[in-house]
Amino acid sequence: MTNSEDISVIDPPRISADQLATLGEGHVAYVRRLRSEDVHDLFPDAPDMEPGHQIWALLSAAGAPIVLADTPHAVLANAMENNLVTVSVH
């Protein structure tokens, strides 16, 4: 049996918030459902949209907007065209 004094604890490597934000950048993107009235929060240059519609967005690992579409299939197709692995955020 091992005495608890013989067990050493190794601190895991530390990662900064900036490093965490860029993990997967250029390789991973996520799909997010938005309401049309919230599109300008992520896509400030998007044209005005009639409120009450469901819109799908593809965002980089760091949250930068990539593309908007009216179906999740369209944003997934864009991700595939750009060799991005997609994840869903709930």
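The model is predicted: local features need pLDDT of at least 70, side-chain atom pairs count only at pLDDT 80 or more, and totals for chains, interfaces and linings use all residues. Residues are numbered from 1 along each chain as its sequence is written, and side-chain values use heavy atoms, with hydrogens and water left out.

**Stop 1: the salt bridges**

Select Arg 35. A salt bridge here is a side-chain nitrogen of Lys or Arg within 4 Å of a carboxyl oxygen of Asp or Glu. The count by this rule is 2 salt bridges.

Buried or exposed? Buried means under 20% relative accessible area, exposed over 50%, and partly exposed in between (1.4 Å probe, protein chains only). Arg 35 is partly exposed at 48%. Glu 37 is partly exposed at 38%. Asp 38 is partly exposed at 23%.

**Stop 2: helix 3**

Select residues 72–81, which form helix 3. Helices are DSSP runs (H or I, at least four residues), numbered from the N terminus. Colour Val 75, Asn 78 and Ala 79: they are buried. They cover an arc of only 100 degrees around the axis, so they lie on the same side of helix 3. The arc is that of the directions from the helix axis to the C-beta atoms. Turn to the other side of helix 3: His 73, Met 80 and Glu 81 are exposed there.

**Stop 3: after the helix**

Select Asn 83. This residue follows helix 3, and its phi is positive, near 55 degrees.

Note on methods:
Helix = DSSP H or I, 4+ residues; strand = E, 2+ residues; numbered from the N terminus.
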